[in-house]
Amino acid sequence: MRSTMQEFPLTIGAIRRHAAAVHPDGQVITATADGSRSQTYGELGLRAARLANGLRSLGIDGDQRVATFQWNNAEHLEAYLAIPSMGAVLHTLNIRLFPEQLVYIANHAEDRVVIVDDSLVPLLAKHLPQLETIEHVLVAGPEAASADLDALRSSGKEVHLYEEVLADQPETFEWPEIDERDASAMCYTSGTTGNPKGVVYSHRTSYLHSMGVALGICSGMTWHDRVLPIVPMFHANAWGLPYAALMTGASLVMPDRWLQAEPLCRFMREARPTMSGAVPTVWSDVLNHLDQNPDINLSDHLKLVLCGGSAVPVSLQQALEDRHGIYVKQAWGMTETSPVASAAGAPLGVEGDDVWHYRGGQGRLLPGVEGRIVGDDGQEAARDGEAVGELEVRGAWVTGAYYKDDDAEKFRDGWLRTGDVGKLDPLGYITLTDRSKDVIKSGGEWISSVDLENALMAHPDVLEAAVVGIPDEKWQERPLASVVLREGATVKPAELRDFLADSVAKWQLPDAWTFIESVPRTSVGKFDKKVIRKWYADGDLEVRSAQD
Ligand code: ADP
């Protein structure tokens, strides 16, 4: 029997219409050097129409890619709405990528236009001559007119001021009808090995993913919220927070380029977000800043912090909650899964300290995503909370391929192989023990670098810790612990090893230790273990024994 229901394409255009019609009073507030600037979702809708007209006048008329080279701010949100709604494809460029990766990505996606923030003009100017398919550059932001436009022009591209382009255009646009399965946006993975790979989202997948993020089991966002995406809009769609906010009428509080703990906390005090999202390293910096400045209180407004991108240590969650009244919810996902696929929270009836078993893990999958664990033998493993293997997922917002890049290895019978190793329990909770490339193989057994890091970071003198496998003649690999101590701390490897021995099996304890100033970060702020492995291989680390 056919359903009698209407066809209603789930598109970014539908999100745009909804925000402007139902939540015209929602606001986007952007940090500036000396405060903030704001506009309503009603105004945003009109400016998105102007931007679409402007892009059309520059020749965008189809599914051409329009790139952004921007921080989280109002203009980037305008691009998030206008570009997919006009039928073009939004390509968010990660401003922190290595030059050769950035050039590869922009050329591979064949970006035609790039919108750049005034503050990022010098950085883009360096790469622009190599971005072969770019024809036009739009410079956005309050300081655009005084940016070094000649540095961009010397590349031979046409350079325009974003505000001038918008000013010339009408506030209405003939938005085309769009098939919900057409491409709305694309993101490249940061490519730890080989070239980065492109994931192309559709309108439908972006719509459904944003609804998933808005669910009570994930963010539980409503129009009472003020949402601060610290996770960049160029990192996996800022985890769907911008579209979820436009859907629910929550206001958006955008940090622009002020991402260090001190200005971030100042901005939070002014803009009073109720929820936020960022990788663990950001929250560990914020925690440190709050500990050092007890007069800063965020808990009277900030109720929920979504945290993911790498494992979120229980000690970090507890410290933010116990000392500063901020609730942290761990989420898991990847660029290939739009990205949010699961969110943590204890099951019904679990209380007290028992909740940490669940809140320390990656949580339960959102509806629309299915998962399984597959062992080395290629067979599905038991969902018993014990059997360990690779997590595979499929679902309504999970990619089925990479853009112009066959990688059959990454898929098995329609499931995406995540490269994450872990287990599933009978209640559907995921616990990841490692990324397969970070697992330490010692004497035929696996040691979880994540478990060791979490245990180490619970030590009061340890600010950060990263554990990598180093070659070992007898055991094949053994863990090397790289530790960042808190200011003034003098703890020795032997003491840290004893501390670990309370929670970690003896054969897993690191026998090599090194103290470093800070753990290197990737372009999206995760611990960069590649760099530590290289430091070790190049003999750049002072390695101490566990008996030291
Ligand atoms: P990159 O590969 O550059 O890190 P992604 O941002 O897509 O790109 O990263 C996805 C990966 O991040 C996941 O496959 C997983 O390894 C890791 N990850 C994300 N969230 C979590 C989490 N909550 N716990 C552990 N690992 C996580």
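Trainee: Which residues are linked with Arg-47 in a network of salt bridges?
Mentor: This is a predicted model, in which local features need pLDDT of at least 70, side-chain atom pairs count only at pLDDT 80 or more, and totals for chains, interfaces and linings use all residues. Residues are numbered from 1 along each chain as its sequence is written, and side-chain values use heavy atoms, with hydrogens and water left out. A salt bridge places a side-chain nitrogen of Lys or Arg within 4 Å of a carboxyl oxygen of Asp or Glu. The partners of Arg-47 in this network are Glu-78 and Glu-163.

Trainee: How many residues apart in sequence are the parts that Arg-47 and Glu-163 tie together?
Mentor: The closest N and O atoms of Arg-47 and Glu-163 are 2.8 Å apart, and the two form a salt bridge. Arg-47 belongs to helix α2 (residues 41-57) and Glu-163 to helix α7 (residues 162-167), so the separation of the tied parts is 116 residues. Helices here are DSSP runs (H or I, at least four residues) and strands likewise (E, at least two), numbered from the N terminus.

Trainee: Is Arg-47 buried or exposed?
Mentor: Buried means under 20% relative accessible area, exposed over 50%, and partly exposed in between (1.4 Å probe, protein chains only). Glu-163, at 36%, is partly exposed. Arg-47 has 18% relative accessibility and therefore counts as buried.

Trainee: Where does the salt-bridge partner of Arg-112 lie?
Mentor: Arg-112 pairs with Glu-135, with 3.2 Å between the closest N and O atoms. Arg-112 is in strand β5 (residues 111-117), whereas Glu-135 is in the loop between α5 (121-127) and β6 (136-140).

Trainee: Which residue has a polar backbone atom 2.7 Å from an oxygen atom of the ligand?
Mentor: A polar contact is a pair of N or O atoms within 3.5 Å; within protein, one must be able to donate a hydrogen and the other to accept it, and residues adjacent in sequence count only if both atoms are side-chain atoms. A nitrogen atom of the ligand is 2.8 Å from a polar backbone atom of Ala-331. For the oxygen atom, the residue at 2.7 Å is Thr-335.

Trainee: Which element gives the most to the shell around the ligand?
Mentor: The ligand is surrounded by 16 residues, each with a heavy atom within 4 Å of it. Two or more residues come from each of β14 (327-333) and β20 (415-424). With 4 residues, the element that gives the most is β14.
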